[in-house]
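Dear colleague,

Please find the structure below, handed over for your records. A short account of the findings follows it.

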Amino acid sequence: MEAAKVVLPHVEHRQYAIHVYANFRKVFSGIEFKKMFWIVFKSTVEGDFKLNMENIREVNLVAYNHLMAREPKSWCMGFYKGRIAYEAVENGIEKCFNVIILEVRDGFYSYGVNLEGIYYT
């Protein structure tokens, strides 16, 4: 990501939240940390982000520092400049596409040809 910032300094750079969480989970495991991370990630405004991060800081200061060191502006929804059309930004586009294709394919084998499913899903 650092190389992309040098080449394209004025472009918004995002990290996959699932990758940030995977690294977070290596150090801070447990259902409580998982829930708190995803609540922070889905914060849609900066005020909610700060409030949710404050909750993490109250539970574990090291976890708070770990997340703040990962540039929240690149993985938290509240800082994204553009409109997000689909909330599953933690998945790559290929994973979302594969889910749709599998649903259509299952319908194809069960009910016959269902090409409309691709357009209307």
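What percentage of the 121 residues of the protein chain count as buried? The share is 30%, where buried means under 20% relative accessible area with a 1.4 Å probe, protein chains only.

This is a predicted model, in which local features need pLDDT of at least 70 and side-chain atom pairs count only at pLDDT 80 or more, while totals for chains, interfaces and linings use all residues. Residues are numbered from 1 along each chain as its sequence is written, and side-chain values use heavy atoms, with hydrogens and water left out.

The protein chain has seven helices and zero strands (DSSP runs, H or I of at least four residues for helices and E of at least two for strands, numbered from the N terminus).

Helix α2 (residues 17–27) packs against α3 at an angle of about 150 degrees, the axes being 11 Å apart; axes are lines fitted to C-alpha atoms over the stretch in contact, and angles run from 0 to 180 degrees between N-to-C directions. The two helices, α2 and α3, are therefore roughly antiparallel (over 145 degrees). On the α2 side, the contact (heavy atoms within 4.5 Å) involves Ala17, Ile18, Val20, Tyr21 and Phe24, and on the α3 side Phe33, Lys34, Phe37, Trp38 and Phe41.

Ser43 lies in the loop between α3 (31–41) and α4 (46–59). Ser43 counts as buried because its relative accessibility is 3%. Its side chain reaches the backbone oxygen of Val40 at 3.0 Å. Leaving aside residues up to four places away in sequence, Ser43 touches Asp48, Phe49, Asn52, Cys76, Met77 and Gly78.

Yours sincerely

How values were computed:
Buried < 20%, exposed > 50% of the residue type's maximum accessible area, 1.4 Å probe, protein only. Polar contact = N/O pair within 3.5 Å; in protein donor to acceptor, adjacent residues only side chain to side chain. Parallel < 35°, antiparallel > 145°, perpendicular 65-115°, else oblique.
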